[in-house]
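These are my notes from going through one model, entry by entry. I start with single residues in loops, then turn to helices and a pocket.

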Amino acid sequence: MRVATAVAQDRAAVIALWQAAGLTRPWNDPGSDFDLALSNPTSTILIVRDGDEVIGSAMVGFDGHRGWVYYLATHPDRLKQGIGRSLMSAAEDWLQQSGCSRLRLMVRGDNLAARGFYQALGYNDQDVVTLGRNLD
């Protein structure tokens with residue numbers, strides 16, 4: 001399994017994967033998220049392909065203080081094949097090469113499957129409350 005960096009031509013396939021994996025939300029524009037990640041030198045999108053099909057992705061960014069992972073997705077027909085693990089390992093490597101020493105990610109509290117996946121990789125709950133406000 002080879003992890004690669006997405007390019008602009010992967011946009012439609014990556015967004016389709018995010019939709020198939022149930023990661024998109026009406027209040028977020030996945031196209032804008034994709035474009036912004038690729039246009040910024042402190043972020044990228046990592047992908048796994050099977051032939052021409054994108055079957056996994058992870059958006060990775062470093063804000064100068066800590067690294068973040070978003071849109072970790074595995075195609076629903078390809079779960080339990082190590083794709084998510086490979087992407088998280090590649091995300092950690094990308095962040096370390098960027099000078100990052102701390103990685104954080106957000107998971108909805110009721111998403112027990114995702115929480116279990118990350119816990120199996122050595123991630124644990126942090127005693128942090130996330131606050132937010134829409135600026136538009």
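**Entry 1: aspartate 110**

In which loop does aspartate 110 lie? I found aspartate 110 in the loop between β5 and α4. I note here that the model is a predicted one. I looked up the accessibility next: aspartate 110 has 65% relative accessibility, and because the cut-off for exposed is over 50%, it counts as exposed. I also took a distance to tryptophan 68, which is 42 residues apart from aspartate 110 along the chain. The C-alpha atoms of the two are separated by 20 Å.

**Entry 2: aspartate 10 and arginine 11**

I went on to aspartate 10, which is in the loop between β1 and α1 (11-20). Is aspartate 10 buried or exposed? Its relative accessible area is 6%, so I list aspartate 10 as buried. Leaving out residues up to four places away in sequence, I found that aspartate 10 touches Thr5, Phe34, Ile47 and Arg49.

Arginine 11 lies in helix α1. Its relative accessibility is 33%, so arginine 11 goes down as partly exposed. With residues up to four places away in sequence again not counted, arginine 11 touches Gly31, Ser32, Phe34 and Asp35.

**Entry 3: helix α2**

**Entry 4: leucine 23 and tyrosine 71**

Leucine 23 is placed in the loop between α1 and α2. With a relative accessible area of 28%, leucine 23 is partly exposed. Setting aside neighbours within four places in sequence, I have leucine 23 in contact with Trp18, Tyr71, Leu72 and Ala73. Leucine 23 and tyrosine 71 are 48 residues apart in sequence, yet I get 6.5 Å between their C-alpha atoms.

I then looked at tyrosine 71 itself, which is found in strand β4. Tyrosine 71 is buried, at a relative accessible area of 12%. Its phi is positive, about 55 degrees, although tyrosine 71 is not a glycine.

**Entry 5: other positive phi angles**

Lysine 80 also has a positive phi without being a glycine, at about 65 degrees. I located lysine 80 in the loop between β4 and α3. Lysine 80 is exposed, with a relative accessible area of 86%. Just after α3, I recorded glycine 99 with a positive phi of about 90 degrees.

**Entry 6: helix α3**

What span should the 15 residues of helix α3 have? At 1.5 Å a residue, α3 (residues 83-97) should span 21 Å, and its end C-alpha atoms are 21 Å apart, so the two values agree. I listed its buried residues as Ile83, Gly84, Leu87, Met88, Ala90, Ala91, Trp94 and Leu95. Down the axis of α3 these fall within an arc of 165 degrees, so they line one face of the helix. An α-helix has 3.6 residues a turn, so residues three or four places apart point the same way. Gln96 and Gln97 are exposed on the other side of α3. For the packing of the buried residues of α3, I noted β1 (3-5), β2 (43-50), β3 (53-62), β4 (67-74), β5 and α4.

**Entry 7: the second largest pocket**

Which residues of its lining lie nearest the centre? Of the 18 lining residues, I noted Leu105, Met106, Asn124, Asp125 and Gln126 as nearest. By class I recorded 8 nonpolar, 6 polar and 4 charged residues in the lining. β5 (103-105) and α4 (112-120) each supply at least two residues of the lining.

Key
Residues are numbered from 1 along each chain as its sequence is written. This is a predicted model: local features need pLDDT of at least 70, side-chain atom pairs count only at pLDDT 80 or more; totals for chains, interfaces and linings use all residues. Side-chain values use heavy atoms; hydrogens and water are left out. On a 1 Å grid over the protein atoms alone, a cavity is a set of points where a 1.4 Å probe fits but cannot get out, and a pocket is an open set with protein on both sides within 12 Å along at least five of seven lines; lining residues have an atom within 4 Å of a point. Helices (H or I, at least four residues) and strands (E, at least two) are DSSP runs, numbered from the N terminus. Ala, Val, Leu, Ile, Met, Phe, Trp, Tyr, Cys and Pro count as nonpolar, Asp, Glu, Lys and Arg as charged, and the others, Gly among them, as polar. The expected span of a helix is 1.5 Å times one less than its number of residues. Buried means under 20% relative accessible area, exposed over 50%, partly exposed in between (1.4 Å probe, protein chains only). The arc is that of the directions from the helix axis to the C-beta atoms. Contact means heavy atoms within 4.5 Å.
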